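Colleague: Could you pick one part of this model and go through it closely? I would like the surroundings too, with your cut-offs stated.

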Amino acid sequence: MKSSLIPELIKRSKNIPLPGNYFSGTKPPSLELPRSILIFSRNRGEELGTGSFHHFRYVLIFNLKTAGMVMADNGLFHLRPGNALLIFPYQFHRFLELQTESLTWLFLTFELSAPDTVIQLKNAHLPVNKRIWSWIDEIIIMNRDKTTVNNDTIIYLTALILNELKEIARKTPNSA
């Protein structure tokens, strides 16, 4: 197993502190694994529709191109390229005031039975970092060829994305 990362791993592994207790590891996760994940994109404003919608799925929107407004319940959110917004189940939402008719918004929809695990993402439009973009890219690549889709990997990558967004929300004042 030759890798340019191995020497760095050797150096870093020498600095790992010893566990305080060899029988107690990490705490239980604070995030439920999402399920029934769908990914799709909208490339024209008309594909977003003009009505107000609400449904039982979470809708995580990633703006890749073209700013626009998203109304969720009574809040109005300016979704800029490079940002994400999570719409909760049964939140009325609609899309308004697109900068241009041509856009690229990526939608990742899923189900969760424990909304409290992502409550800090409700009504928070957040900047997306490189780590999240790389996970999204992996999900897109896996979905491109339906014969090689690895459901478990998509589930874990989506959970990682949500967890990272929670961390960004924690560090971003006034993200709503």
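**One residue and its surroundings**

Modeller: T158 sits in helix α4, residues 151-171. Helices here are DSSP runs of H or I with at least four residues, strands are runs of E with at least two, and both are numbered from the N terminus. The model is predicted: local features need pLDDT of at least 70, side-chain atom pairs count only at pLDDT 80 or more, and totals for chains, interfaces and linings use all residues. Residues are numbered from 1 along each chain as its sequence is written, and side-chain values use heavy atoms, with hydrogens and water left out.

Is T158 buried or exposed? T158 is buried, because its relative accessible area is 0%. Buried means under 20% relative accessible area, exposed means over 50%, and partly exposed lies in between (1.4 Å probe, protein chains only).

What does T158 touch? Leaving aside neighbours within four places in sequence, T158 is in contact with P34, I37, L108, F110 and I139. Contact means heavy atoms within 4.5 Å.

Take I139 next. I139 is one of the buried residues of α3, along with I132, W135, I136, M142 and N143. Seen down the axis of α3, the buried residues fall within an arc of 125°, so they line one face of the helix. That arc is taken from the directions between the helix axis and the C-beta atoms. An α-helix has 3.6 residues a turn, so residues three or four places apart point the same way. The buried residues of α3 pack against β1, β2, β7 and α4. The face turned away from the buried side of α3 carries the exposed K130 and R144.

Now the geometry of α3. It has 15 residues and reaches 21 Å from first C-alpha to last, close to the 21 Å expected at 1.5 Å a residue. The expected span is 1.5 Å times one less than the number of residues. N129 caps the N-terminal end of α3, with a side-chain oxygen 3.2 Å from the backbone nitrogen of R131. Helix α3 (residues 130-144) lies across β1, β2 and β7, at about 100° to β2. Axes are lines fitted to C-alpha atoms, for helices over the stretch in contact, and angles run from 0 to 180 degrees between N-to-C directions.

Then the sheet. It is open, with 5 strands in the order β1-β7-β2-β5-β8 and antiparallel pairing. Two strands pair if DSSP finds at least two bridges between them. The edge strands are β1 and β8 (125-127), and each pairs on one side only. The twist averages 20° from one strand to the next.

Look at β2. It is mostly covered, with 6 of its 8 residues buried. On one pairing, β2 runs antiparallel to β7 (residues 102-111) over 7 bridges; I61 has F107 of β7 as its bridge partner. On another, 4 bridges join β2 to the antiparallel strand β5 (residues 83-87). There V59 is bridged to I87, and L60 stands opposite L86.

T66, in the loop between β2 (58-65) and β3 (68-72), has a positive phi of about 90° although it is not a glycine. T66 counts as buried because its relative accessibility is 7%. S36, in strand β1 (residues 35-44), also is not a glycine and has a positive phi of about 50°. At 41% relative accessibility, S36 counts as partly exposed.

Technical notes:
A polar contact is a pair of N or O atoms within 3.5 Å; within protein, one must be able to donate a hydrogen and the other to accept it, and residues adjacent in sequence count only if both atoms are side-chain atoms.
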